[in-house]
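These are my notebook entries from going through one chain, with each term's cut-off written down where I first needed it.

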Amino acid sequence: MFTEYDYNNQPIVDIVNNMITDASRKRASDIHFDPTPDVLNVRIRVDGELILYAKVPQNVKKNLVTRIKIISGMNITESRVPQDGAIKMQVDGKDLDLRVSTLPIVYGEKVVIRLLEYSSELSSLESLGFSDRNLDLVQKAIQKPNGIILVTGATGTGKSTTVYAVLQKLNTTERNIITVEDPVEMKIAGINQVQTMSEIGLTFANALRSILRQDPDIIMIGEIRDNETARIAVRASITGHLVLSTIHTNNSLTTIERLVDMDVERYLLGSALEAIISQRLCKKLCPKCREARPTTDYEKRVFKTALNMDIDNIYKPVGCESCYKGYVGRIALQEVLILNQDIRDAIVNNTPKEEIRKLIYANHQATSLLDDGLIKVINGLTSFEEVLRVIDIEEDLGEEQVLLKNAIIGKEEIPETKEEPISENEIDTLPIIDNPEITPLETLDI
């Protein structure tokens, strides 16, 4: 993956172009230019992992950063404050949008280029890795005349890709679709897209108020970031609009909690929320070199606890010339919750968290992220290690995971006993235990 360039004889213009082109061909999502006292380290993020790509010598690094700032429309004379820019180019006939960001650090300017490639194969819901059940649930949810559909997950988990795929599905001449985004990442014909500009007061909340007077059928909010935006979005859905948005939460349960924390009235949230799509991205196994291996005791027990299935063999990464360390591309793990009346009533009545968890997962109203990931492990789409990397098993399995761990390491579960605290009078009556194996604190070599 490491690449050498002839920095002394090759023009800096060609070096920058070649770096961007090569990163795109390697399916990189970001290019990092990290200044150090000696060199400029260039790293590319492939399938979520940063890989050292090149080292730019000291005498060239300033010219290289300047070239990037020029083509992205930045002020090349200003290096003391962060700047943002954009580049448009074509690589192998594909349109590529580049978002560029600079940040002054102690050794110079750090530059990060985000590569955005919106190809036709990414525009359909069917291509996003949904299971048959989850895909059916999503397609039913987006046909609702009103309500809120939220796509949740951490930064870089494909939320925008899923939202754009839904918009592509709904984009017809019979519907007036308006979006509010920061920034507008993909321009779609037939959709009215608004770019927020907070410096002049065009915030998400202010834009939403104006949008409601534009006779919209569907509203897409790039991200629910604050209390005011959340409340306006909920009220817009109640007045007869279908609202799509994203929010940074882990799963369906934490999404409901976050919206309540944002001061959204429970009686409104219970009636407005239609569906929550939670997702993570994990590396996809290379189909050319993956190999089957027997499952460990721990893995068997996880499959048994989560899916009630006995799994003896799963696939592992190997590595070949067509992939990187046995992986090629990424696949989404998804959890799709369609709210039923029981869950709505629980939200309105301020039901405890654990009760809502049972309504969502124990009653199989939604397939959890862990279950979806384990199913994709069984199907050879990803590895067990990748699922463990992106999903908190203890959060998904709860108390069952504690029992699982104890069973694996051979411990017996000791029932918790609730004893009354010892009173001061009883302390003097306790026997003194002389244990020679206990080392006094003073003698420990700390």
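Entry 1, backbone. I began just after H2, where Gly 73 takes a positive phi of about 80°; helices (H or I, at least four residues) and strands (E, at least two) are DSSP runs, numbered from the N terminus. I noted that this is a predicted model, in which local features need pLDDT of at least 70 and side-chain atom pairs count only at pLDDT 80 or more, while totals for chains, interfaces and linings use all residues. Residues are numbered from 1 along each chain as its sequence is written, and side-chain values use heavy atoms, with hydrogens and water left out.

Most residues other than glycine have a negative phi, and most peptide bonds are trans. Asp 47 counts as buried at 8% relative accessibility, where buried means under 20% relative accessible area, exposed over 50% and partly exposed in between (1.4 Å probe, protein chains only). Asn 308 also has a positive phi, of about 55°, but it counts as exposed at 58% relative accessibility and is found in the loop between H9 and strand E14 (313–316). The peptide bond from Asp 182 to Pro 183 is cis, with omega near -5°, and Pro 183 has its place in the loop between strand E8 (177–181) and strand E9 (192–195).

I recorded 16 helices and 15 strands in the chain, and buried residues make up 45% of its 446 residues. In helix H2 (residues 58–71) the buried residues are Val 60, Lys 61, Leu 64, Val 65, Ile 68 and Lys 69. An α-helix has 3.6 residues a turn, so residues three or four places apart point the same way. In helix H9 (residues 297–307) I looked up Lys 304, which counts as partly exposed at 38% relative accessibility. Leaving aside neighbours within four places in sequence, Lys 304 is in contact (heavy atoms within 4.5 Å) with Met 309 and Asp 310.

A nonpolar core is a set of buried Ala, Val, Leu, Ile, Met, Phe, Trp, Tyr and Cys residues joined through side-chain atoms within 4.5 Å. Which members of the largest one touch the most other members? They are Leu 273 and Ile 360, out of 39 residues. Apart from this core lies another of 32 residues, among them Ile 51, Met 89, Leu 96 and Leu 98. Beyond its neighbours within four places in sequence, Ile 360 has contacts that include Ser 252, Leu 253, Leu 337 and Gln 365.

With a disulfide taken as a pair of cysteine sulfur atoms within 2.5 Å, I counted zero disulfides. Cys 286 counts as buried, at 1% relative accessibility. Cys 323 is in no disulfide either, the nearest cysteine sulfur, that of Cys 320, being 3.7 Å away; Cys 323 counts as buried at 14% relative accessibility.
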